[in-house]
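Keep the picture open while you read.

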Amino acid sequence: MQNHWIVDLRFDEDETRTTCTASLGGFSAPGVRGLGIARRNPGDSPDSTVGEELAAARACSDLAHGLIQQAAAGIEARTHDSARLIF
């Protein structure tokens, strides 16, 4: 059996911040989500590309940490020992 997960990034922007939600789609993809926020300094000129890149990076990092936590919980449930997974 082959698994295939798709990372979905969704953005919401206003004048001062960009928010990104990262989620996984596909058969048997875990229901883990990540959130990333980028705030623009009022003195900076608007650049949506930079805000999206930073918010996406933070959302993906949050998603990765959520996956690690879920994997650790699965290991602990099976082994009845504490798991320390390092990111």
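Q: Is Arg-84 buried or exposed?
A: Keep in mind that this is a predicted model. Arg-84 sits in the segment after helix 1. Its relative accessible area is 74%, and the label we want applies over 50%. So Arg-84 counts as exposed.

Q: How far apart are the C-alpha atoms of Arg-84 and Ile-68?
A: Along the chain, Arg-84 and Ile-68 are 16 residues apart.

Q: What is the relative accessible area of His-80, and where is His-80 placed?
A: Look in the segment after helix 1, which covers 48–79, and you'll find His-80 there. His-80 is exposed, because its relative accessible area is 69%.

Q: What is phi of His-80 near?
A: Here's the background: most residues other than glycine have a negative phi. His-80 isn't a glycine, yet its phi is positive. The value is near 60°.

Q: Which loop holds Ser-28, and what is its phi?
A: Find strand 2 (17–25) and strand 3 (33–39), then look at the loop between them: that's where Ser-28 is. Ser-28 counts as partly exposed, because its relative accessibility is 41%. Ser-28 is not a glycine, but its phi is positive, at about 65°.

Q: How many bridges join strand 1 to strand 2?
A: Strand 1 and strand 2 run antiparallel, and a hairpin of 3 residues connects them. As one example of who faces whom, Val-7 stands opposite Leu-24 in strand 2. The count of bridges between strand 1 and strand 2 is 8.

Q: Which residue in strand 3 stands opposite Thr-18?
A: Strand 2 also pairs with strand 3, in the antiparallel sense and over 7 bridges. Now find Thr-18 and look across to strand 3. The residue standing opposite is Ala-38.

Q: Which residue forms a salt bridge with Arg-10?
A: Side chains of opposite charge can pair when their charged atoms come close. For a salt bridge, the nitrogen has to be within 4 Å of the carboxyl oxygen. In this pair, the closest N and O atoms are 2.6 Å apart, and the total count comes to 1 salt bridge. The partner of Arg-10 is Asp-8.

Q: Which residues gather in a patch of negative charge on the surface?
A: Start with Asp-12, which lies in strand 1, residues 6–13. Asp-12 counts as exposed, because its relative accessibility is 54%. The residues gathered in this negative patch are Asp-12, Glu-13, Asp-14 and Glu-15.

Technical notes:
Residues are numbered from 1 along each chain as its sequence is written. This is a predicted model: local features need pLDDT of at least 70, side-chain atom pairs count only at pLDDT 80 or more; totals for chains, interfaces and linings use all residues. Side-chain values use heavy atoms; hydrogens and water are left out. Patches are made of residues with over 30% relative accessible area and no salt bridge: like charges are joined within 9 Å, nonpolar side chains (Val, Leu, Ile, Met, Phe, Trp, Tyr) within 5 Å. Accessible areas come from the Shrake-Rupley method with a 1.4 Å probe; for residues, only the protein chains shown count as cover. A salt bridge is a side-chain nitrogen of Lys or Arg within 4 Å of a carboxyl oxygen of Asp or Glu. Lys and Arg count as positive and Asp and Glu as negative; His and the chain ends are not counted. The place of a charge is taken as NZ of Lys, CZ of Arg, CG of Asp or CD of Glu. Helices (H or I, at least four residues) and strands (E, at least two) are DSSP runs, numbered from the N terminus. Buried means under 20% relative accessible area, exposed over 50%, partly exposed in between (1.4 Å probe, protein chains only). Two strands pair if DSSP finds at least two bridges between them.
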